[in-house]
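I shall record what I looked up, one topic at a time.

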Amino acid sequence: MVWRDVPLGRWLRTVGIAAAPLALALIILAALGLIPFGAAALTWLGLTIISAAAIYWLLGDLLRTKRDIELMARGDDITPAGGRSRIGRELAQAVQRLERESRERTGRLVSDHDGLKRALDALPGPVLLLTAGQTVVRANRAAKTLLGGEPEGRDLAAVLRNPDVIAALETAAQTDSGQDVAFTLQSPMARYFSAHIEPLRQPAADGTAIVLALVDVTAARLSDQMRADFIANASHEIRTPLATLSGFIETLRGPAKDDRQASERFLAIMAQHAERMTRLVGDLLSLSRIEMNEHTIPADQVNLAALLATVTDNLEWRAKERSVALTSDIEAGLPSLPGDSGELTQLFQNLIDNAIKYGREDGAVRIRAWRDKAGERDILVSIADEGEGIAREHLPRLTERFYRIDTARSRELGGTGLGLAIVKHIASRHRAELSIKSEPGKGSIFTLRFAPIAAE
Ligand code: ADP
């Protein structure tokens with residue numbers, strides 16, 4: 001309806017505004033005698049009626065378009081209604097175009113935002129985007145896992161309680177330059193991190209002004225520590241027999257120079273220490289050689305039954321020394337496995353030697369080899385002794401270099417503390433898993449499970 005679209009008052013006012021100057025111009029023209037009064041009145045009436053109609057159409061379109069824009073601004077999905085006049089139609093089309101473009105732009109922004117989020121989440125290291133005031137704008141998945149909870153929207157100091165990082169962030173903001181800082185998180189266990197802080201030249205629309213990227217350097221730190229410990233331990237192990245040898249040499253040159261009996265005794269002890277050093281150096285060299293090859297799959301095929309028989313024969317004399325009975329139970333028809341026979345000999349030698357050394361005197365050491373009953377293709381080899389066994393707290397550390405439960409006893413029995421470390425590395429090269437079961441007072445069982453190695 002006419003009067004619903006165009007309010008009557010507003011229409012009349014607009015018509016009045018258009019008709020008044022026209023009337024004034026015609027009155028002046030008539031007063032000057034340029035046109036007769038009747039013609040002026042008729043012209044005014046005609047033009048006023050035409051303008052009133054045009055204003056009605058235009059005003060209607062404008063008001064309908066205004067209403068459409070208001071509805072769109074509220075978020076309503078509408079089809080613009082304007083369009084009875086050409087201007088109205090064009091306006092309606094322009095509004096539709098505007099709305100379409102604005103939708104596309106919003107869609108692009110949403111997808112950019114989503115893409116950024118997914119890209120950040122795909123990064124393996126924790127990354128936090130911060131405002132200049134150090135509030136967390138965004139934290140990627142790794143950062144959430146590390147820091148726990150929901151860090152976004154919180155103050156960084158409440159999420160990552162580390163004064164060094166906070167200080168470095170302040171320096172970065174003041175100097176507008178990147179900063180690197182190392183820090184440690186103590187709970188639930190010590191983890192070492194390197195943090196890189198990069199301030200942005202222009203803060204992003206979401207308020208991000210600083211990027212904080214963390215790198216977990218725990219593994220590298222521990223490996224450095226292990227290397228340092230290893231060198232310290234190895235030096236210590238070699239220094240002790242060396243110091244003893246030097247001592248005896250001094251004695252033999254000085255006070256015991258002419259004492260033949262003492263010389264014989266001292267030379268025997270010196271020979272023992274020299275042997276110990278030789279064993280130690282031999283084990284150190286083996287370890288480094290094995291470590292170098294650890295990531296190459298052995299190319300030869302090894303007959304495990306024959307290899308175990310040879311190792312057992314070679315150690316028979318050691319077993320006899322301690323009156324230990326060596327027994328073997330090797331399943332018939334075991335398939336050969338890809339392996340390095342030299343390394344596997346060393347592996348079983350170390351395990352059987354340990355079982356003889358730490359087993360019960362007059363006891364037994366049982367060597368078993370069999371195929372997994374569950375139909376798997378795994379081959380298992382176990383070495384069981386009847387010794388004192390190993391307390392549970394030592395089990396996880398037994399394969400560490402130089403880790404010994406009783407250092408004096410190990411040395412007395414000729415141990416270097418490297419035997420099980422060598423076993424672990426050889427096993428790893430052969431894709432074998434070492435498990436140790438032990439009950440104090442009842443003995444220990446060392447089992448190796450060889451999984452089939454797929455050709456590469
Ligand atoms: P070591 O040269 O001292 O024997 P290993 O690396 O072979 O060094 O073994 C590390 C430690 O593990 C030994 O010192 C010993 O305390 C313990 N151990 C190894 N095998 C046995 C075993 N069969 N029974 C009890 N303890 C063992």
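**Entry 1. The term I need**

I take a polar contact to be a pair of N or O atoms within 3.5 Å. I also note that the model is a predicted one.

I then turned to aspartate 385, where an N or O atom of the side chain is 2.8 Å from a nitrogen atom of the ligand. I next asked how much of the ligand the protein buries. The ligand taken alone exposes 530 Å², and the protein buries 96% of that.

**Entry 2. The shell around the ligand**

How many residues surround the ligand? I recorded 18, and the closest are Asn354, Tyr358, Ser410, Gly417 and Leu420. By class, I listed 8 nonpolar, 7 polar and 3 charged residues in this shell. I then looked up which elements supply at least two residues of the shell, and they are helix H11 (341-358), helix H13 (419-429) and strand E12 (443-450). Of the elements, H11 gives the most to the shell, with 3 residues.

**Entry 3. The largest pocket**

Where does the ligand sit? I found the ligand in the largest pocket. The volume of the largest pocket is about 980 Å³. I noted 38 lining residues, and those nearest the centre of the pocket are Asn354, Lys357, Tyr358, Ser410 and Gly415. Asn354, Tyr358 and Ser410 are also among the residues closest to the ligand.

The lining of the largest pocket holds 14 nonpolar, 14 polar and 10 charged residues. Several elements supply at least two of its residues each, namely helix H9 (260-293), helix H10 (304-321), H11, helix H12 (407-412), H13 and E12. Which element gives the most to this lining? I wrote down H11, with 8 residues.

**Entry 4. The second largest pocket**

I looked up the second largest pocket next, and about 440 Å³ of space lies in it. Its lining is made of 16 residues, of which Met226, Arg227, Phe230, Glu400 and Arg401 lie nearest the centre. Helix H8 (218-253) and H13 are the elements that give two or more residues to this lining. H8 gives the most, with 6 residues. By class, I recorded 5 nonpolar, 4 polar and 7 charged residues for the second largest pocket. I note that H13 also supplies at least two residues of the lining of the largest pocket.

**Entry 5. The cavity**

How many cavities of 30 Å³ or more does the structure hold? I found 1. The space in the largest cavity is about 40 Å³. I listed its lining residues as Lys117, Leu120, Asp121, Arg138, Ala139, Asn140, Lys144 and Glu152. These divide into 2 nonpolar, 1 polar and 5 charged residues. Helix H4 (86-122) and strand E2 (136-139) each supply at least two residues of this lining, and the largest share, 3 residues, comes from H4.

Key:
Residues are numbered from 1 along each chain as its sequence is written. This is a predicted model: local features need pLDDT of at least 70, side-chain atom pairs count only at pLDDT 80 or more; totals for chains, interfaces and linings use all residues. Side-chain values use heavy atoms; hydrogens and water are left out. A residue is near a molecule or strand if one of its heavy atoms lies within 4 Å of it. A polar contact is a pair of N or O atoms within 3.5 Å; within protein, one must be able to donate a hydrogen and the other to accept it, and residues adjacent in sequence count only if both atoms are side-chain atoms. Accessible areas come from the Shrake-Rupley method with a 1.4 Å probe; for residues, only the protein chains shown count as cover. On a 1 Å grid over the protein atoms alone, a cavity is a set of points where a 1.4 Å probe fits but cannot get out, and a pocket is an open set with protein on both sides within 12 Å along at least five of seven lines; lining residues have an atom within 4 Å of a point. A molecule sits in a cavity or pocket if more than half of its atoms lie within 2 Å of its grid points. Helices (H or I, at least four residues) and strands (E, at least two) are DSSP runs, numbered from the N terminus. Ala, Val, Leu, Ile, Met, Phe, Trp, Tyr, Cys and Pro count as nonpolar, Asp, Glu, Lys and Arg as charged, and the others, Gly among them, as polar. Grid points are joined across faces, edges and corners, and a volume is the space filled by probe spheres set on the points.
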